[in-house]
Amino acid sequence: MAEAERIPGFATLAIHAGAKPDPTTGARATPIYQTTSFVFDDVDHAAALFGLQAFGNIYTRIGNPTNAVLEERVAALEGGTAGLAVASGHAAQVIVMHAMMTPGDEFVASKKLYGGSINQFNHSYKNFGWNVVWADPDDLTSFERGITAKTKCIFIESIANPGGVITDIEAISKIARKAGVPLIVDNTLATPYLCKPIDFGADIVVHSLTKFIGGHGNSIGGLIVDGGTFDWGASKGRYPMLSEPRPEYQGIVLHETFGNFAFAIACRVLGLRDLGPALSPFNAFLILTGTETLPLRMQRHCDNTLAVAQWLSKQPEVAWVSYPGLPGDKYHALAKKYVPKGCGAVFTFGLKGGYDAGVKLVSNVKLLSHLANIGDTRSLIIHPASTTHRQLSDAQKVQAGAGPDVVRLSVGLEDKEDIIADLEQGLKAK
Amino acid sequence: MRHEAYSDAYIRGILNAVKTIAMVGISQKENRPSYFAFKYLLERGYRMIPVNPGQAGKNILGQKVYARLSDVPEPIDMVDIFRASEHALPIVQEALALKSKPKVIWMQLSVRNDEAAELAESAGLKVVMNRCPKIEYGRLSSEISWMGVNSRTLSSKRPHTLGTGVQRMRLGPASDNDNGG
């Protein structure tokens, strides 16, 4: 009787997941609900909404119908049970951690991360007493050694910024499972088009929507995806936000009330509600529009990037290129497993002329944009040592793949010949 | 029948067809999941009958509580089991012995008893296990999408408002939205 249901393909979900025509007007595109608040029927209805007994919208800090479409869209693309949209990728990380960590707690994090995440973990989290324990994704035992009785989660990036590193999600998920803690994967650089971390054992996925998912460099946003895979009640009070009666909601136990989407709900009704980094519905709309072309854009990003990386590797000014799509690259095998469609658009290369050559190149390009972002239709270039990773120590910079000779590219959707021509004139210019 | 997954058509068919639901194991405590589900379904027009020996004779949300299924004086379309899996079999046996047999046995999240399911199915009843009718109704009416939940539905048809109140949706006919339907 239970016929197998057709599961829609990725391109179909990218356009339709979460979106249905507006019930009142029939509007086909998602309306921008640019409203702070929503009326109630009566006081009982209001009480039911506030008490989580009814599904519905109260106040845009907590939830908004435009944002909800984006939440379901990305959750469906990742294969998760629910999503929560927030103001930025950084905010997504804080909200996720806030749901699990208390002062004195620890988490194990891959040291190969976006510099902004490294700063957030090393500096801002100290104010909350959340302690990061760094591990090396090239040495899995360092993750095991990092686990203590105080560890609450493990955090990694699928494709790691500034590029060229593929993390062994499945192997690390086994370490997390054994330790009884959830695995969080920042899937920003890959997007679910290239990699679905939940398929490899991730419990929670975070995104900076600002990058490839929005795809057009116009809106800052973040998203948390609940994989629905972690048993919050199993670990005997380790995650009280989920497993204990909540005083904020007359004593309900979130993981009993909301089953396999309880973590996303906890992030919304405890984290987002009280900390406040809400996503503007207008940003959500722009990001949603970008999401509709995600598969097309990501494939073009990957194809362009492979061509650019191949060209660069032949140039006399270039000392090395770190892109897993190139044969012989250290991460080529992991890339075939985790990102078989392509290795993304972000990678680094080193110039023989060192720091000065890097500065000259970013100054000379005329088509590529010199700015701090990745995942735009436009090709982007930056010298991480003097910008995104500036605040790290020299040793940390090298560890993070942002040494003085390193240039980072985020290859866009222009004709690849034009991208290459611009890099060529930039490299050869005096 | 395999119970790992249910088609949307199957669930929607059940929730559209049943009118009277007896919830066995409902709690009178307003913060329990059973209370939440009872209230939600009551507001969407189902005749909800609470069954709980400890609360027999009292009222929950204005509905008289019965000690056991066999005490309920009216025909029941669906028995919704909010008790641990090991209690499911005697409840199904009691349901099958009723003068007017129910059409559906529904077991809540994390409640699963294959023996009880097989017994009910061989008597011609439909069975759903490890699901919450509130969550399924929310999913298929699109209400749950407001919470960012992956409803796992996809349709170009408008969702249907309940007709009373703001932000209340109804299930709609099966043909609109479902795969496997």
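Predicted model: local features only at pLDDT ≥ 70, side-chain atom pairs only at ≥ 80, totals over all residues.
User: How should I read the packing of two helices, and at what angle do helix 1 and helix 5 of chain B cross?

Analyst: In general, a pair of packed helices is described by the angle between the axes together with the distance between them. Here the axes of helix 1 (residues 8-17) of chain B and helix 5 (residues 133-141) of chain B come within 10 Å and cross at roughly 110°. Because angles of 65 to 115 degrees count as roughly perpendicular, helix 1 of chain B is roughly perpendicular to helix 5 of chain B. The crossing of helix 1 of chain B with helix 5 of chain B is left-handed.

User: Which residues make that contact between helix 1 and helix 5 of chain B?

Analyst: Helix 1 of chain B contributes Asp8(B), Ile11(B), Arg12(B) and Leu15(B), while helix 5 of chain B contributes Pro133(B), Glu136(B), Tyr137(B) and Leu140(B). The residues of this contact divide into 5 nonpolar, no polar and 3 charged.

User: Turning to the strands, which strands are joined to strand 5 of chain B by bridges?

Analyst: Strand 1 (residues 20-24) of chain B is joined to strand 5 of chain B by 4 bridges, and the two run parallel; within this pairing, Ala22(B) has Val79(B) as its bridge partner. Strand 5 of chain B is also joined by 4 bridges to strand 6 (residues 104-107) of chain B, again in parallel, with Met78(B) standing opposite Val104(B).

User: Which way do the residues of strand 5 of chain B point, and are they buried or exposed?

Analyst: Met78(B) and Asp80(B) point one way from strand 5 (residues 78-81) of chain B, Val79(B) and Ile81(B) point the other way, and all are buried.

User: For a case in chain A, why is Asp274(A) classed as exposed?

Analyst: Asp274(A), which lies in helix 11 (residues 262-275) of chain A, is exposed because it has 12 other C-beta atoms within 10 Å, and the class takes in residues with 12 or fewer. The C-alpha atoms of Asp274(A) and Ala385(A), 111 residues apart along the chain, are separated by 36 Å.

Note on methods:
Residues numbered from 1 in each chain as written. Chains lettered and ligands numbered in written order. Axes fitted to C-alpha atoms, helices over the stretch in contact; angles between N-to-C directions. Parallel < 35°, antiparallel > 145°, perpendicular 65-115°, else oblique. Left-handed = near helix turned anticlockwise from the far one by under 90°. Contact = placed C-beta atoms within 7 Å. Nonpolar A, V, L, I, M, F, W, Y, C, P; charged D, E, K, R; others polar. Buried ≥ 20, exposed ≤ 12 C-beta atoms within 10 Å, placed from the backbone. Pairing = 2+ DSSP bridges.
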